[in-house]
Amino acid sequence: SDVENTVVRANELNRAIRVKDLATVAWDLEKRQVINKTNGRPSISLTVIKKEKADAIKVVDAVKVAVGDFKAGKDAFNADFIDDVSSFIRNRLSVLTSNMLVGLLLICFTLTLFLPWRVSLVVATGIFLSFFGTMGFFHLAGYSLNLISLLGIIIVSGMLVDDAIVVTDSIVTYMQEGLSPAEAARKGTLEIWPAVTASVATTVVAFLPMMFMSGIFGKFVREIPLGVIVALAFSLGESVLLLPQHLMTFVRLKDFDLPEKPRGITRVRKGFLRFWEETIIPRYVGAVTKIVHHRYLALTSMVGLLVTAIVCSQLFLKFVLFPAEGVEIFFLRAKAPAGITLEENAERIRGIESIVAKLPPLELESFVTTIGLQQQEPNDPNTKRGAEYAQVVVYLTPENNRDRTAEEIIESLRAEVGTPDGYEEVRFDRVNPGPPVGKPISLGVQGATYEE
């Protein structure tokens with residue numbers, strides 16, 4: 001009634017023309033601007049966005065529980081989870097953690113080939129102390145354990161035992177000279193700690209500039225050097241403060257004696273040391289001797305190799321910061337002639353949907369169709385609205401689970417889809433990894449009139 005009685009115009013006699021005099025006012029549903037479909041069926045899309053500090057995996061698990069509770073006893077609809085970012089995080093974390101564990105095992109095995117198992121165990125303990133210390137620092141500093149921060153820890157995992165091995169060698173050398181374990185630990189550490197500190201400092205300085213990179217990319221990679229530097233700091237502290245005490249307490253000179261008939265890992269170590277001393281060391285000594293006697297030739301060769309590497313890198317190597325491999329999402333965007341209705345466009349897009357739906361289950365996870373809107377994400381500056389626009393977002397299974405790459409799948413669909421009748425253009429856009437960078441070129445055109 002308020003709308004009906006709204007005055008449109010009144011004259012000097014206070015006679016008014018109201019909306020109800022000119023039109024019929026009624027309740028009705030708003031005209032649809034967008035049609036959403038999931039796997040070819042009409043749907044409503046609900047986007048869940050977590051807070052900045054929230055755990056993505058926990059949020060998704062809680063959402064799935066809530067949806068399951070809501071669906072209990074309701075068979076009228078299906079609920080599909082589309083673009084579940086937590087699955088991507090779970091897969092990558094699984095790969096990273098498994099690689100990290102394998103790396104730790106390989107480090108411990110390599111140490112055991114050169115050192116007695118008791119010494120290897122003491123040295124390897126520093127790896128875990130450094131890892132736990134770094135994770136504790138990240139927690140207190142407000143950083144999360146994610147793909148980027150884990151990458152920094154994995155990069156540094158092989159460096160964490162370098163200083164510990166040098167300190168151990170210095171202490172054991174004094175123990176073999178007859179000093180008591182306590183005196184050997186004190187003297188060996190004091191003698192070597194400046195060199196060890198300088199070695200760690202050079203690595204820290206090499207990674208430090210990455211912490212001060214600006215822009216979006218700087219925010220992405222900042223945790224990599226931070227993880228490396230913090231882990232190295234904990235490793236250095238453990239090597240010069242805790243390791244000497246551990247060696248003094250747990251290691252004895254008899255641990256370095258190899259029995260005549262060793263068994264197990266000791267037998268493997270004895271065979272490896274024999275090969276090392278009888279084969280590797282003589283050849284190494286011979287190579288160093290030749291290099292020293294022909295130092296100018298060796299220097300020229302090294303400079304030549306450096307120049308060759310630089311030339312080859314400039315001529316033949318492409319630098320792609322975030323390569324397209326591993327793409328799991330791509331867009332199929334179609335444009336019909338202006339003036340078409342949403343319903344007509346929804347009917348025309350069915351042909352493209354049927355082609356996408358034919359992808360094998362090992363390749364296709366799901367696809368979402370939107371009619372009336374082309375948009376990659378809510379803040380996409382290239383958003384296009386109108387009944388003539390439509391897009392199909394295709395979600396692929398992880399690349400290691402399928403035989404074809406995303407590029408191969410896109411090319412096969414491009415050949416099969418072509419430009420269907422009723423559409424002016426159909427194009428394919430990939431969602432490349434890394435931070436959003438937009439299109440290579442953006443062109444804006446303005447004029448005083450539409451014709452101009």
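## Basis and confidence

The model is predicted, and local features need a pLDDT of at least 70, while side-chain atom pairs count only at pLDDT 80 or more and totals for chains, interfaces and linings use all residues. Residues are numbered from 1 along each chain as its sequence is written, and side-chain values use heavy atoms, with hydrogens and water left out.

The pLDDT, the predictor's confidence in each residue on a scale from 0 to 100, averages 86 over the chain, and 97% of the residues score at least 70. Among the elements of the chain, α3 has the lowest mean pLDDT, at 78, whereas helix α1 (residues 19–22) has the highest, at 94.

Strands count as paired if DSSP finds at least two bridges between them. By this criterion β6 pairs with β3 in the antiparallel sense over four bridges, and Lys-37 stands opposite Thr-369 of β6. Strand β7 (residues 384–396) also runs antiparallel to β6, to which nine bridges join it, and within β7 the bridge partner of Val-368 is Val-393.

Ser-170 lies in helix α6, which covers residues 162–176, and it counts as buried because its relative accessible area is 8%. When residues up to four places away in sequence are not counted, Ser-170 touches Gly-188, Glu-191 and Ile-192, where contact means heavy atoms within 4.5 Å.

## Two loop residues with positive phi

Most residues other than glycine have a negative phi. Asn-39, although not a glycine, has a positive phi of about 55 degrees, and this residue sits in the loop between β3 (35–38) and β4 (41–42). Because its relative accessibility is 27%, Asn-39 counts as partly exposed.

Asp-83, likewise not a glycine, has a positive phi of about 55 degrees and is placed in the loop between α2 (56–71) and α3 (85–114). With a relative accessibility of 39%, Asp-83 counts as partly exposed.

Key
Buried means under 20% relative accessible area, exposed over 50%, partly exposed in between (1.4 Å probe, protein chains only).
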